[in-house]
Amino acid sequence: MASVVGFKQLPSETLRVGQGFSLAGVDPDSTPGYPGAKRDGQVLLASQDDDLADLQEKLFAESRFGGTKRALLVLQAMDTAGKGGIVGHVMAAMNPQGVSFKAFKAPTDEEKSHDFLWRIEKEVPAAGMVGVFDRSHYEDVLIHRVHGWADAAEIERRYEAINAFEAELAAAGTTVVKVMLHISADEQKERLLARLDDPSKHWKYSRGDLTERAFWPDYMAAYQAALEATSTDVAPWHVVPANRKWYARIAVQQLLLGALGGLSLDWPKAAFDVAEERDLVARS
């Protein structure tokens, strides 16, 4: 049986966006805090599936008896950065009945008629749930800044609205885990070409990906500004180098394990006499 190589430094510490953070200073090829190779990372990922599933079930069970805790994983990234892989490889360990998933696309006409947070607020996870946002309210300060669909004053207003919204989530018992999967432009090109070279991946390709790719420097500037403005004590950002998919997956798994592990979860206590009920079942 392969030995498990763990993190030397936790992603919650090494990847957290703090004072003086520079996105340009993050190497997308790096594996901060992790000394192992790809195979080691794959073994680590599989070895902790049960721990993640156990924590999620405790969270869900507590809510059946009045618990108000819940968690929300926010995934933001450039196209091809691996959001789908995170959902498929990390979240798959969880029981689907305790997970709420929402992929945010371009807003509908109805959604555009409301404030940008209107459609987001409807999708926040209920008590006991682990919510996942594939893209999120941050699209409204990223793509809108890049394409000039909102002016500087409006972008600033949205930063403030986001911080207030996430503070309200935290106050209501939601642990917010915000992740930017950070890939390089060269890696994105390789992944786009790989999609075109594989007929089974053609459905994933969109000319729109290429259109947005032309604005890469502008997106990096928009991410830097958003990370600086919205990484708070109650909802900090974590930038995960994502050129190595295996590293991104174990890093996000560790962030989730840390977030759920910090909730002091436990199994609800039986409201009945266990010995008496066991005796009844045995005699039935």
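This is a predicted model: local features need pLDDT of at least 70, side-chain atom pairs count only at pLDDT 80 or more; totals for chains, interfaces and linings use all residues.
You will find Gly98 in the loop that runs between helix 4 (83–89) and strand 2 (99–103).

Setting aside residues up to four places away in sequence, Gly98 touches Gln56, Phe60, Gly128, Met129 and Val130. Another pairing to look at is Gly98 with Ala61: the two are 37 residues apart along the chain, and their C-alpha atoms are separated by 9.5 Å.

## Ser63 in helix 3

Let us turn to Ser63, which belongs to helix 3 (residues 49–63). With a relative accessible area of 14%, Ser63 falls under the 20% limit and so is buried.

Once neighbours within four places in sequence are left aside, Ser63 is in contact with Ala127 and Gly128.

## The nonpolar core

The largest nonpolar core holds 75 residues, and those with the most contacts inside it are Leu73, Val179, Leu181, Val240 and Tyr247. Helix 12 (residues 245–261) supplies the largest share of this core, with eleven residues. As a general background, nonpolar side chains in soluble globular proteins tend to be buried together.

Not counting residues up to four places away in sequence, Leu181 touches Gln76, Ala77, Met78, Ala81, Gly82, Lys83, Ile86, Val240, Ala242, Ala248 and Val252. One of these partners, Val240, is itself listed with Leu181 among the residues with the most contacts inside the core.

## The protein as a whole

Now for the wider view. The protein contains 13 helices and five strands. Its radius of gyration is 21 Å, close to the 19 Å that the globule rule gives for 284 residues, so the protein is as compact as a globular protein of that length. The C-alpha trace spans about 70 × 50 × 40 Å along its principal axes.

Of the 284 residues, 46% are buried. Among contacts with a separation of 6 or more, 83% are between residues 24 or more positions apart.

## Surface and charge

The accessible surface of the protein comes to about 14,400 Å², and carbon and sulfur atoms account for 51% of it. As for charge, there are 32 positive and 41 negative side chains, and the centres of these two sets lie 4 Å apart.

Terms used: Residues are numbered from 1 along each chain as its sequence is written. Side-chain values use heavy atoms; hydrogens and water are left out. A nonpolar core is a set of buried Ala, Val, Leu, Ile, Met, Phe, Trp, Tyr and Cys residues joined through side-chain atoms within 4.5 Å. Buried means under 20% relative accessible area, exposed over 50%, partly exposed in between (1.4 Å probe, protein chains only). Helices (H or I, at least four residues) and strands (E, at least two) are DSSP runs, numbered from the N terminus. Contact means heavy atoms within 4.5 Å. The radius of gyration is taken over C-alpha atoms; the globule rule is 2.2 Å times the number of residues to the power 0.38. Accessible areas come from the Shrake-Rupley method with a 1.4 Å probe; for residues, only the protein chains shown count as cover. Lys and Arg count as positive and Asp and Glu as negative; His and the chain ends are not counted. The place of a charge is taken as NZ of Lys, CZ of Arg, CG of Asp or CD of Glu.
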